[in-house]
Amino acid sequence: MEAMKEMVEQELGELRQTFASGRTRSMKWRKRQLSAIIEMVKEKEDEICKALFQDLGKHPTEAYRDELVKGKVISEPLGTVLIMSSWNLPISLCLDPLIGAISAGSTVMLKPSELSPNASSFLAKTIPTYLDSKAIKVMEGGPDISTVLLQHKWDKIFFTGSQKVGRIVMSAAAQHLTPVTLELGGKCPTILDDRSISGDIKTAVKRISGGKWGFCSGQVCVAVDYLLIEQRFASSLIDMMKQTIKSFYGENPKDSGCISKIVNKNHFFRLSRFLNDPHIKASIVHGGFTDEEKLIDIEPTILLDPPLDSEIMTEEIFGPIFQLLHQLRDIQESVEFVRSRPKPLALYVFTKDNNLKTRILSETSSGSVTFNDVMIQSICEALPFGGVGESGMGRYHGQYSYECFSHEKAVVEGNLAVELEARYPPWTTYKLSF
Ligand code: NAD
């Protein structure tokens, strides 16, 4: 058993290493491997037939049997689906998947988030008055009701939320072999290659700052989480970011009226806990103010190089805290950094260097890559939206939403007017040689 475990680990390690080397991504490699399969099947035909005969008693003629068929694909709705949603965009994160499910022809149970109770009760009250209430239902509540819903068999579960609850949803779905789309979160890295965009650096800093603080105080799955820069650029960047924050919110951000509140006490204390950790406190270079009384206020905050193994660097922030990592001697090292961490939902790269762009596309994996901007990928309906690895599975938006709730059924139309006797035994023309 130990030897077997070791063997599996060794083989798996080699596969991962080969994948990491990037070799399997080249078109040349893929074509070569596919041609090799054709070659193998041709050259080893006899051995294949022999193995099939020995294992299954199959006559070799079966291998050559052909059929006159017409094929097509028709989409059918998956059936009755469960949509569970998050609170940070509480209307659109319910309506977007709902549109996909309805356009595919499915019936829907929609479970909005209990953390945005007003949006949730609006949907529960309003949807039945506009839509067919026998086909689309809204069920309000939190984990209790979700738990009950998840005990049932659905034809699809579409979940938007955290990785932690995503695991609960997926394991409940597995009991019924229900397919899932998981729209999760994680940390979205941003890379700023200041040398190549020096003329546009102000625009870049503004966009990055907007992508951190300008949307629901950073409580967005595709918000900028941390920024990678070269060492020498840190102090001028911090100055520029401070200026940008001032231009957004004035001298007293909390009085600006432009800062969304932290959704509830739990999230407020989660974020405050990050900031109260002595290691993190030492890395604050801007902000850090929290207002426990009002709960809403966590000032736009910048951290410089928090410890890489700290909770704030391993957990999704989902709040107005920004981390600046400046240990890179060369911006190209950012590719390795991103690769060494879980696959993000979104990756943002500010650069005009085509070599860096190519490396990002071919050597990293993420739900999406956006060059020289932030967050716009999620409003481009022509693009699929979804994560990869721990940031999620499945995709939606536009046409992809329809596909997400459909089954593509293969339909074959046989031709009864033509019959090939060679389809059936006895197969006498081919003599067995083994
Ligand atoms: P969450 O996982 O806590 O809650 C999501 C849903 O799961 C809610 O409807 C909630 O009622 C339900 N739920 C909570 N605990 C449960 C449990 N124990 N058992 C069963 N159901 C449970 O997430 P959240 O706080 O609503 O949202 C924040 C997370 O969602 C972040 O990680 C963020 O990145 C992610 N998110 C992702 C996207 C995306 O499109 N990829 C969009 C928004 C938010």
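User: What classes of residue make up the shell around the ligand?

Analyst: By class, that shell holds eleven nonpolar, 13 polar and four charged residues. Keep in mind that this is a predicted model.

User: Which of the 28 residues around the ligand come nearest?

Analyst: Five do: Ser-146, Gly-161, Val-165, Gly-185 and Cys-221.

User: Which helices each supply at least two residues of the shell?

Analyst: Helix 7, residues 143–150, and helix 8, residues 163–174. Helix 7 gives the most, with three residues.

User: Now strand 8. How do I read the directions of its side chains?

Analyst: Start with the general idea. In a regular strand, side chains alternate between the two faces of the sheet. Now the case here. Tyr-226, Leu-228 and Glu-230 point one way from strand 8. Leu-227 and Ile-229 point the other way.

User: Are the residues of strand 8 buried or exposed?

Analyst: Strand 8 spans residues 226–230, and five of its five residues are buried. That holds for both directions, Glu-230 included.

User: Which strands pair with strand 8?

Analyst: Take strand 7, residues 189–192. It pairs with strand 8 in the parallel sense, over three bridges. Strand 13, residues 321–328, also pairs with strand 8 in the parallel sense, over four bridges.

User: What stands opposite Leu-227?

Analyst: Thr-190 stands opposite Leu-227 in strand 8. Leu-227 also stands opposite Leu-324 in strand 13.

User: Next, the backbone. Which residues other than glycine have a positive phi?

Analyst: Leu-177 is one of them, with phi near 50°. It sits in the loop between helix 8 and strand 6, residues 180–183. Cys-216 is another, also with phi near 50°. Its place is in the loop between helix 9 and strand 8.

User: Why does Leu-177 count as exposed?

Analyst: Count the C-beta neighbours inside 10 Å. The cut-off for exposed is 12 or fewer. Leu-177 has 7, so it counts as exposed.

User: And why is Cys-216 partly exposed?

Analyst: Buried needs 20 or more, and partly exposed lies between the two cut-offs. Cys-216 has 19 other C-beta atoms within 10 Å, so it is partly exposed.

User: Where is a cis peptide bond?

Analyst: From Pro-425 to Pro-426, with omega near 5°. Pro-426 lies in the segment after strand 17, residues 406–414.

Notes
Residues numbered from 1 in each chain as written. Predicted model: local features only at pLDDT ≥ 70, side-chain atom pairs only at ≥ 80, totals over all residues. Near = placed C-beta within 6 Å. Nonpolar A, V, L, I, M, F, W, Y, C, P; charged D, E, K, R; others polar. Pairing = 2+ DSSP bridges.
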